[in-house]
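Open the model in your viewer and keep the selection panel at hand. The tour goes from the ligand to a sheet and then to the domains.

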Amino acid sequence: MLSKRMQQLKPSPTLALAAKAKELKSQGKDVISLTVGEPDWPTYGAAKEAGIQAIHENKTTYTPAAGIPELRKAVAQLIGKQLAMEVSPQQVTIGSGAKFIIYTAFTALLDPGDEVIVPSPYWVSYPTMVELAGGTPKIVECDAQTHFKLSGPLLKSAITEKTKILLLNSPSNPTGAEYSHAELDALAEVLKEYPNLWIVSDDIYNQLSFHPGGLSPHLLHKNPELKERCISINGMSKAYAMTGWRMGWAVGPEAVIKAMASFQSQTTGAPCSISQWASLAAITETADEVKESLVALQERRELFIKLLNGVPGLQVFPPQGAFYLWVKVQDWLGKTYKGKTLVDSKQLSQILLEDVLLAVVPGAEFGTEGYLRLSFAASPEDLKRASERLANFQQQLS
Ligand SMILES: Cc1ncc(COP(=O)(O)O)c(C=O)c1O
């Protein structure tokens, strides 16, 4: 019955794990879930009010496929300021979440057989989205020595005549690694040798950066000429705590943005009108709340790193942004727990969920074995309890 494409499609593993954790919770089990990538604090007041007001004012009809002009303009100003360049509203399309926008960008750019360079560890959905859009993901392993980031030589060695897109994600989900200006420059040098190669830059965590200033370096900061072939993706989910509102956008050359909006006009129709008005208020009125959230996140980051560093056999890679700890568990693999040998990160996370009631995502889902991803967008109490459970678990290993 199902198409071949759908038969091959597996559901998002992070959402599946979060659902399993919720199911156990609903059975009365005291599960701590550090799986899903979403803030644990609520949407800011100004955004909520603007959403409610939009409903009362009957701003509940279809909007233009690319979004309401007011929001396109606000996004153009916000991203223009962040990238330190002129961005016009025509270079912006609003969409139903960054996830759908990334898929839309792939659809706009890829022909069958075109390759997309995906540095690994990667966000779980990238390879599947590339395939759904007809392209071929080319996974490029990046190791701990470069803090899991792509280098110039590695990029160059991955490029073939079929390469159409380089996908960048800084700060990264799952590692929290952020490219420095120098690292981005090294990539830019290579990119300049290949004028037909596009860059899709997933900047969804750029305002959740722990370095001074709270904004991540961007490829276009020092290499503005690449803007002719760069699509910057962002949205409301992370910094503005608006995951359920499903709001994202792309900023890029007008011709591609227009094509993406046409695709939206034939698929989602238009992004949610209410969410757009709420997003407008969030962007224009909640900069202070974003900063406060970042301070709280930084405290949790420090706390969780300290706690996990105290658990024998875990190696934490301190993140420079986002809200995940990427933790090496290689030393635990090969050990025995209740008579069972721990063989890989999937089995380990299964045992942690069922026996320890701690839900985390196995590194294998991000293309890299021997690691777990733990979100620290959780209360300090839960972070403490989670580390206690991991320490108890470790004591039972032989
Ligand atoms: C790297 C990355 N890109 C994109 C998204 C999608 O965000 P949205 O909620 O806007 O679809 C996520 C969400 O987890 C993410 O981690």
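A residue counts as near a molecule if its C-beta atom, placed from the backbone, lies within 6 Å of it. The model is a predicted one, where local features need pLDDT of at least 70, side-chain atom pairs count only at pLDDT 80 or more, and totals for chains, interfaces and linings use all residues. Numbering starts from 1 along each chain as its sequence is written.

Select the ligand and the 13 residues around it; Gly-97, Ala-98, Lys-99, Asn-173 and Ser-237 come nearest.

Next, show the strands (DSSP runs of E, at least two residues; helices are runs of H or I, at least four, and both are numbered from the N terminus). Strands pair if DSSP finds at least two bridges between them. Seven of them form an open, mixed sheet in the order S2-S8-S7-S6-S5-S3-S4. Its edge strands are S2 (92-95) and S4 (136-141), each pairing on one side only. Zoom in on S2 and S8 (residues 248-251), which pair in the antiparallel sense over four bridges. Here Val-92 stands opposite Val-251 of S8.

Now colour domain 1 (4-30 + 289-393) and domain 2 (61-286); such bounds come from an automatic or database domain assignment. Which residue numbers does each side give to the contact? Domain 1 gives 25 residues and domain 2 gives 27, where contact means C-beta atoms, placed from the backbone, within 7 Å. On the domain 1 side, select helix H12 (287-309): H12 supplies the largest share, seven residues.

Notes. Two residues are in contact if their C-beta atoms, placed from the backbone, lie within 7 Å.
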